[in-house]
Amino acid sequence: MFRGGADYPPSWYAATASPPPPRTTPPPAEVDVAIVGGGFFGLYCALRLAQAGRRVALLEASRLGWGGSGRNGGQLVPGLSCGWARLRTALGAQLTAEMQRESQRALQQIRALIAERAIDCELADGHVEVAVLERRVRALHDAIDEARRDWGDTRLRFVDRAELGAYVDSPRYRAGLFDPDAAHLHPLKYLFGVAAAAEAAGATLHEGCRVAGYRELADGVRVQLSDGASLRCAQLVLAAGAYVDRVDPRLAARVLPVGSFIGVTAPLGEAACRQLLPGNHAVYDNQFILEYFRTTADHRLLFGGRCTYLGGTPRRLADAMRTNIVRAFPQLRGVAVDYAWGGHIDVTLRRLPDWGRRGDRLYWAQGFCGHGMVPTRIAANVVTEAMLGEPTRLDAFAAIVNPRFPGGERVGALLQALGMSWYRLRDRV
Ligand SMILES: Cc1cc2nc3c(=O)[nH]c(=O)nc-3n(C[C@H](O)[C@H](O)[C@H](O)COP(=O)(O)OP(=O)(O)OC[C@H]3O[C@@H](n4cnc5c(N)ncnc54)[C@H](O)[C@@H]3O)c2cc1C
């Protein structure tokens with residue numbers, strides 16, 4: 001398990017963003033809402049609740065964006081990791097259709113925040129989902145049909161193999177699905193903008209402030225900090241992502257922290273980047289163990305993939321990432337990989353979201369399963385509306401059964417690793 005230190009782990013993001021000085025002021029003794037975790041979910045909740053007039057303190061063990069939020073692929077794609085069909089089985093057709101619209105709204109909210117606050121985060125439009133296997137081309141058609149039929153979305157476009165070169169210069173992919181509204185950005189720079197917005201709305205943000213646990217009282221919650229101090233709040237939001245283990249073992253039992261990895265090449269130059277991805281769109285494939293990539297503002301290829309279930313980082317990570325890069329882009333054989341890093345994604349057993357509440361004091365959202373940039377905004381909308389008095393949608397999510405991983409984290413990891421080996425094999429055959 002990666003553990004937060006006093007600073008950001010090395011990554012291309014940490015090297016190219018300029019973090020503001022740490023916010024080391026201790027939190028107040030009493031607030032309306034305390035939030036554990038300074039990733040996107042926690043920050044969006046802080047922003048919305050502060051805008052609604054609540055006194056909010058956000059407590060981050062390390063630096064804001066230290067977790068998945070500050071080190072991810074930067075792909076801003078609507079939807080939830082489980083897919084709409086599976087969500088429909090869990091939530092029913094009506095609420096799923098509503099969540100499809102909510103997902104588009106969340107993307108618009110992100111774009112609006114970037115525009116309103118002039119957040120310099122290298123936002124670039126467009127996303128292509130590509131199929132490696134001929135038999136998964138069908139899934140691209142199905143996604144387009146589903147969007148048209150279920151929520152009247154006619155923007156998605158099928159791209160056949162002949163046309164795909166205008167999007168991705170790779171022999172690996174058979175066809176694509178182009179979404180002009182999805183986007184990609186520098187997540188850590190964007191996160192600094194969201195943090196500034198939450199502060200401007202009146203929330204206080206506290207870094208280097210690790211929560212050791214909490215205790216429910218008759219009229220609130222006592223939050224215990226690891227330095228011995230504590231604070232009292234009326235409502236508590238758990239937003240610790242894949243790192244929730246020490247704060248709430250009950251929630252932790254339902255998510256498995258899975259390692260996920262990214263490599264960034266040496267600068268390739270603008271012309272070479274436009275050769276690889278002519279439209280400067282982000283791309284992911286529709287394999288079970290997916291790969292994703294985009295080019296950066298300083299003209300590198302940022303490439304994500306690989307995963308580990310049993311902890312740790314693959315040996316010689318930069319070389320391992322280069323192997324995947326060259327498989328997608330043989331023309332990059334011999335390219336230097338300047339940055340390589342990993343992070344944890346919070347995976348639930350059935351890949352369904354785990355959003356809920358206990359009474360009207362304790363709220364959470366976890367189980368983003370590696371797709372969290374837009375979903376953290378959706379979750380924050382659903383969770384904060386419940387905190388502000390309208391719990392219908394959150395309660396529908398809370399009714400989804402997310403089983404504990406059998407045998408705890410170690411056995412669960414082993415079973416998931418076996419399961420994913422099976423899927424990896426299916427991806428290859
Ligand atoms: C390598 C990688 C690539 C990814 N790529 C994409 C992508 O391209 N697109 C996409 O949509 N999603 C992607 N994701 C997923 C996405 O980043 C996450 O789903 C999302 O950032 C989760 O946000 P969060 O706020 O729930 O958690 P996090 O961002 O993980 O934040 C949790 C925070 O809680 C803090 N914390 C933990 N314990 C405590 C404690 N006891 N006290 C105080 N604070 C605590 C941590 O330090 C951390 O900062 C990727 C994830 C990874 C790891």
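Because the model is predicted, local features require pLDDT of at least 70 and side-chain atom pairs count only at pLDDT 80 or more, whereas totals for chains, interfaces and linings use all residues. Residues are numbered from 1 along each chain as its sequence is written.

The protein chain contains 13 helices and 17 strands; helices (H or I, at least four residues) and strands (E, at least two) are DSSP runs, numbered from the N terminus. The radius of gyration, taken over C-alpha atoms, is 21 Å, close to the 22 Å that the globule rule gives for 429 residues, so the chain is as compact as a globular protein of that length. The globule rule is 2.2 Å times the number of residues to the power 0.38. Along its principal axes, the C-alpha trace spans about 65 × 45 × 45 Å. Buried residues form 50% of the 429 residues in the chain. A residue is termed buried if 20 or more other C-beta atoms lie within 10 Å of its own, exposed if 12 or fewer, and partly exposed in between, with C-beta atoms placed from the backbone. Two residues are in contact if their C-beta atoms, placed from the backbone, lie within 7 Å. Of the contacts with a separation of 6 or more, 73% join residues 24 or more positions apart.

A nonpolar core is a set of buried Ala, Val, Leu, Ile, Met, Phe, Trp, Tyr and Cys residues joined through C-beta atoms within 7 Å. The largest such core has 123 residues, of which Ala34, Ile35, Ala46, Val237 and Val383 touch the most other members. Helix H2 gives the most to this core, with nine residues. Beyond its neighbours within four places in sequence, Ala34 is in contact with Ala57, Leu59, Val223, Leu231, Cys233 and Leu236. Another core, of seven residues, lies apart from the largest one and includes Leu80, Cys82, Leu91 and Met99.

Helix H4 (residues 93-116) has 24 residues and reaches 34 Å from its first C-alpha to its last. This span is close to the expected 34 Å at 1.5 Å a residue, the expectation being 1.5 Å times one less than the number of residues. The buried residues of H4 include Thr96, Met99, Glu102 and Ala106, and among the elements covering its buried residues are helix H5 (137-151) and strand E6 (175-184). Gln100, also in H4, counts as buried, with 22 C-beta neighbours inside 10 Å. Gln100 and Asp150 are 50 residues apart in sequence and 8.7 Å apart in space, C-alpha to C-alpha.

The ligand is surrounded by 43 residues, the closest being Gly39, Gly67, Gly73, Gly241 and Gly372; a residue is near a molecule if its C-beta atom, placed from the backbone, lies within 6 Å of it. This shell divides into 17 nonpolar, 22 polar and four charged residues. Here Ala, Val, Leu, Ile, Met, Phe, Trp, Tyr, Cys and Pro count as nonpolar, Asp, Glu, Lys and Arg as charged, and the others, Gly among them, as polar.

His299, in the loop between strands E13 (292-295) and E14 (301-308), has a positive phi near 65° and is partly exposed. Arg316, in the loop between E14 and helix H10 (317-328), has a positive phi of about 45° and is exposed.
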